[in-house]
Structures are given as structure tokens and as C-alpha cells.
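Reader: I would like to learn how to read salt bridges in a model. Can we work through an example together?

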Amino acid sequence: MSSLLLNASHNLCFKLSSSGCQWQPLLPNNTHRVSFSRVGAEKQGPIAALASAEQLVWPSPSDETPFWKRDFPSWNADSDVPSDVVKDSDPMHVIHVTAEMAPIAKVGGLGDVVTGLARACLSRGHTVDVMLPFYECIQRQQVVDLELVSTYNSYLEGEWIPVNAYRGVVTGIPVILIEPSNQFFKGKQVYGGCYNELEAYLFFSRACLEWMQVTGIQPDIIHVHEWQTGALPLLYWDMYHHLSLKKPRIVLTIHNMEHYGECRQEQISKCGLDGSAYATVEKAVDDRTIGHNPERLSLLKGGIVYSNAVVTVSPTYLKETLCSGWLAGTLIKSRDKYFGILNGIDTTMWNPATDAFLPAQFNAHNIEGKKLCKQYVQRGLGLISEASGSGNQMPDAAPEVPLVICITRLVPQKGLHLITHAIKRIEELGGQMIILGKASDARVESEFKHLADLHNQGPSIRILLLYSEELSHMLYAAADMVLVPSIYEPCGLSQMLGMRYGAVPIVRKTGGLADTVFDVDEQSNHHEMTNGFVFEGIDEGSFNWALDRAFTYHREKPEEWTGIVRRVMECDNTWNNTAGKYIEVYNSVRVA
Ligand code: ADP
């Protein structure tokens with residue numbers, strides 16, 4: 001039994017100020033508590049407040065400040081941490097060493113995963129710190145209680161470079177930010193600054209161990225992620241373990257096998273290891289370059305070989321990586337210490353019932369707020385909605401045009417040809433589509449820019465080539481369907497986030513998508529677990545088959561559609577489900 005704080009007069013919790021660009025809390029008058037006891041309500045959480053259409057100040061494409069760039073109420077992450085989590089009996093200290101952490105330094109799912117897993121372990125009673133580079137682009141005001149805690153030196157090419165270590169708290173999670181005094185990590189974004197990225201992460205990996213050594217902090221587990229920190233296990237076992245660090249054991253998570261951290265022997269030598277010592281098949285030689293002159297090393301391979309345990313982000317991706325790709329041989333040899341653990345989503349940051357970025361909150365038992373979110377986004381982007389043209393007066397009728405979103409890095413892995421095909425097909429079917437994406441490749445960027453120029457003035461398609469955490473929350477909340485047509489997808493968070501916000505996923509059956517989305521029309525699936533539309537081929541016909549079925553359900557079977565929306569919102573893709581598997585892995589390698 002839980003209680004839902006309802007505003008009896010349906011007053012709005014947040015309202016634009018007279019300046020037009022400030023969300024301000026309106027004190028709810030006449031509030032009372034309404035009890036309900038449906039299963040799953042606790043997981044979704046009570047709705048922060050119900051919004052009513054009359055009191056929303058609707059955005060428009062001509063607004064001086066786009067609606068996703070307004071100031072939002074600050075997020076009190078502490079208030080939303082699940083309090084009912086059972087504490088583990090034998091708590092340990094875990095330090096994540098990572099290139100990304102949401103929301104301060106997030107490019108894709110890696111950042112979300114580090115934050116979500118760290119929070120889940122904290123709430124189970126463990127001590128967790130996240131170490132990441134102090135990128136110049138990190139906004140200092142997002143780090144609470146930021147303070148310089150140590151200044152020390154770390155090795156680079158025969159010199160000792162001064163390094164500052166700061167401590168702070170990000171959305172309730174303790175962080176240690178490492179700031180070298182050279183040019184590393186300077187620039188406007190997380191990746192792609194004017195410095196050698198590989199050498200910067202090699203330096204960072206060593207600087208984290210050096211910090212542990214100078215401070216005497218010895219966690220039970222050092223959890224490294226991706227190629228960027230793949231050299232840390234080598235540095236640990238071949239250098240720092242012979243110095244004073246004895247206790248830690250190393251766990252590596254591979255979020256995406258696409259990047260191997262290819263490097264030259266001399267580059268490894270720059271961080272103080274003997275690069276030539278790793279140029280063997282058993283250690284870190286990049287097998288693809290055997291016989292080349294010179295052969296290369298792979299930080300990811302070295303990380304796999306030297307870590308005590310290796311995890312990848314879904315059971316299906318684990319199987320895929322054992323069968324294909326040039327690291328398959330190394331992974332097969334490491335089979336005893338290689339695990340597939342599905343990512344979860346961070347329900348503190350992603351909760352439609354409390355989300356500060358949404359114009360109206362909702363949950364699986366009351367999705368009125370979702371309709372408002374859809375109309376809000378449609379209006380803000382100038383998409384036709386049945387509510388259009390009515391000033392601030394919103395009619396009762398909810399827009400019935402299916403709204404499909406796709407929020408992604410625009411890279412080949414994500415099925416770019418199917419995303420561009422979707423634009424055409426969704427238009428033909430009379431739906432609407434919003435793409436929120438950023439391309440790192442200039443050719444892809446210009447292709448999508450061309451498509452944006454072609455469509456963005458029309459009634460049904462919007463292509464937004466930018467990165468916005470705030471807008472992504474609003475789009476998941478607004479969407480009827482979320483599209484993830486990846487060619488391969490280690491886990492995929494987009495489909496899980498979409499589901500949490502009531503968007504039905506349309507996905508290609510690969511990697512973690514196959515582990516989280518179960519086709520509504522597949523007879524062998526248990527009805528209660530079905531939650532989306534799945535296709536297998538990488539051709540347009542296969543894609544159409546899934547999309548067309550989703551549109552048919554949405555238009556012709558409204559009751560069944562409502563049932564699917566409820567089921568997707570009640571899917572438990574949270575870390576509650578899978579953090580325990582990480583704890584088991586940590587426990588299996590930690591020193592008693
Ligand atoms: P990947 O890690 O391969 O990028 P995932 O689906 O695992 O893919 O995670 C992507 C994460 O990045 C999600 O949280 C998604 O919402 C977010 N994201 C991707 N592109 C953008 C963007 N342009 N703006 C805001 N968020 C984005």
C-alpha cells in the first residue's frame with residue numbers, strides 16, 4: 001500500500017515565471033493523499049504533482065529560448081533514492097575508473113551505467129567512488145561540495161606531472177576528479193579535444209593508481225570500463241601491486257567491443273610500462289596486426305587478459321562476442337571469468353513520476369501527464385497536433401498521431417540506413433518522428449543536416465542534431481514509440497528508458513535488445529512479458545514489418561495498445577534486478 005500525493009484541484013507543480021524562461025514551483029493548494037495498492041506502484045513512485053492543461057504555458061518553435069534550454073528546478077537526487085533496498089551483509093569499497101559519468105560527462109550509455117550501478121551499490125550499503133578526468137567541459141556547479149583534496153605527481157614520458165585531485169558529489173554519488181596540469185582533457189567536449197586521447201587516458205589510468213598509492217586508499221575492487229582504462233589492470237599487476245597496492249582486484253566492463261584502444265608499444269611506454277613486454281599473443285598484441293610492421297597493441301585485449309573478472313553488458317552480447325570479432329579467441333580463453341550482466345537504468349535520474357524536466361509527471365497508473373508531455377513537445381517543435389492552433393487553451397482530445405522518437409549517437413552501429421528509411425515510412429503512414437542525435441563523422445552529420453533542411457519545416461518530422469539531456473527526457477515522455485534499429489547493440493539503454501516513460505520499443509533483435517524486448521505477436525512469448533515490436537533483418541522490409549504492426553496496434557486496437565503501454569512501464573529494467581549480479585562478481589574476486 002502506498003500513497004499518492006494528488007493535488008485536488010489539479011494545480012500545476014511547476015509553472016513558467018513571467019520572464020518566460022524559469023520553472024517555478026507553485027505551492028499546491030488543497031492537497032490531499034489518495035491511497036492505492038496496485039502492484040508496481042511503489043516501483044514507479046508517486047507522481048510529484050498532476051499538471052493541468054490550462055495552467056501550462058505552451059512552448060512554440062518561435063520562443064527565444066527553446067523549451068529544453070529553460071532553467072529547471074534543481075534535482076534533489078537524495079530524495080529519490082530507494083530506501084527499501086536490502087543491505088548486503090559484507091559491504092566492500094568499489095572505485096570506478098571511467099571516462100564517462102552521467103550527467104556531468106556523458107556521451108552515451110557508459111555514463112548512465114556508471115552512475116546507475118554506483119548508486120545501486122551505494123544503496124545496498126557499499127562504499128563507492130567514481131574517478132574520472134576533470135574534463136574542462138564539466139560544469140563545476142553540477143558537483144556538490146567540490147574541494148581540492150590532494151596535489152601529487154604522476155608519471156609521463158620520463159617526467160612527473162603535477163596532478164590535482166578533487167572530491168565532490170554528483171547526484172548523490174561521491175566522485176574524485178583527476179586534473180593533470182598539462183593540456184589533457186581540455187576542450188569543449190568529453191571526447192575530441194586537441195590532445196592525444198590515447199595518451200591522455202593512459203596517463204589518467206596511471207594517475208588514478210598513483211592517487212590510491214599516495215593516499216593509501218585501497219579499495220576491494222577497482223572497476224574499469226572500456227579501452228580508455230584498459231591499461232589500468234596492466235599497470236596494477238605489473239607495477240603498483242609490486243609497490244604498495246596489494247588489496248584491490250580488478251573488474252573490467254566492456255560496453256562496446258567496437259573500440260579496441262589500438263596503440264603502439266612506445267605509447268604504452270610513455271606511462272612507464274615496457275611496451276615491448278606486452279607484444280605477445282598471450283598479452284596485448286592486437287591479433288589483426290600480427291605480421292604487420294609494426295604490430296600494434298590493444299588496450300582492451302590487455303585489460304581482458306589482466307583483469308580478475310570481465311563483464312559485458314548483456315547475456316546475448318556475451319554470446320555474440322564469443323562467436324565473432326577478433327577478440328573472440330581472447331574471450332574464449334577467459335571464459336571462466338567472463339560474464340554477461342544486463343545493464344539497468346538509474347531510476348533516480350529516470351522517473352516519469354518525479355522527473356523535473358517534464359512539464360507534467362505520470363506513472364503506469366496515471367498516464368494523463370504523458371499526453372500533456374506529448375502535446376507540449378509537439379507544440380514546442382511545431383509538429384501538428386490535434387491541439388494545435390488553440391493558444392494556451394488545450395482541448396480535451398489527445399493527439400492520436402503516433403509519435404516515434406529515436407535518440408542516438410548517429411554512428412553506423414545504430415542502423416543509420418534504417419533510421420533514414422524510417423523518416424520516409426513514418427511519413428507515409430501518417431505518423432510523426434523526432435530524431436535527437438549527434439554525429440561525430442562529418443559525412444554523417446552533413447547527410448542528416450540535409451535531411452533536417454528537407455523536413456524540419458514540414459508538419460511531421462523533426463531532426464535535431466544536438467545533444468540535450470533535458471530534451472531526451474521530454475522526448476521519451478512524449479513518445480508513443482521508441483525506435484532502436486541497431487545493427488548490433490551490446491545492451492542499449494534507449495529502449496529501456498523509453499519503456500520506463502511509456503514509449504513502446506521497436507527494435508532489431510540483437511544483443512541487449514533481444515534480452516529486453518519481446519514481440520507482442522510472437523506466440524511463444526508469455527503475454528504478460530510482451531512489450532514491443534521486434535524485427536531481425538537489416539533490410540527495409542523487415543523494419544517495415546515491425547513498424548507497420550506497431551502503427552496498426554496503435555490505431556486499430558486502442559485497448560490492447562493501452563495494455564502494452566502499461567506493461568512497458570511496469571517492466572523492471574532497474575539496477576535492482578542486476579546490481580546483485582555485479583556484487584556476486586565483485587565477491588568472487590575480492591580478497592577476503
Ligand atoms: P550508446 O551507449 O551506444 O550510445 P545506449 O542506448 O546504451 O547507446 O545509451 C545511449 C544514451 O545516450 C541514452 O541515455 C540516450 O538517451 C543518450 N543519448 C544519445 N544521444 C543523445 C542525444 N543526442 N541527446 C541526449 N541524449 C542522448
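**Reading the salt bridges**

Author: Start with one side chain: Glu 266 is partly exposed, at 47% relative accessibility. Buried means under 20% relative accessible area, exposed over 50%, and partly exposed in between (1.4 Å probe, protein chains only). This is a predicted model, in which local features need pLDDT of at least 70 and side-chain atom pairs count only at pLDDT 80 or more, while totals for chains, interfaces and linings use all residues. Residues are numbered from 1 along each chain as its sequence is written, and side-chain values use heavy atoms, with hydrogens and water left out.

Reader: Which residue does Glu 266 meet in a salt bridge?

Author: The general idea comes first. A salt bridge is a side-chain nitrogen of Lys or Arg within 4 Å of a carboxyl oxygen of Asp or Glu. Here the partner is Arg 264, at 3.0 Å from N to O. Arg 264 is partly exposed, with a relative accessible area of 33%.

Reader: What is the relative accessibility of Arg 296, and what is that of Glu 262?

Author: Arg 296 is at 27%, partly exposed. Glu 262 is at 38%, also partly exposed.

Reader: Is Arg 124 buried or exposed?

Author: Buried, at 17% relative accessibility. Its salt bridge is with Asp 88, and the closest N and O atoms are 2.8 Å apart. Arg 124 sits in the loop between helix 2 (109-123) and strand 6 (127-133), Asp 88 in the loop between helix 1 (41-44) and strand 5 (93-97), so this pair ties together parts that are 36 residues apart in sequence.

Reader: How many salt bridges does a search of the whole structure find?

Author: The search finds 24. For the setting, the chain has 17 helices and 21 strands. Buried residues make up 59% of its 592 residues.

Terms used:
Helices (H or I, at least four residues) and strands (E, at least two) are DSSP runs, numbered from the N terminus.
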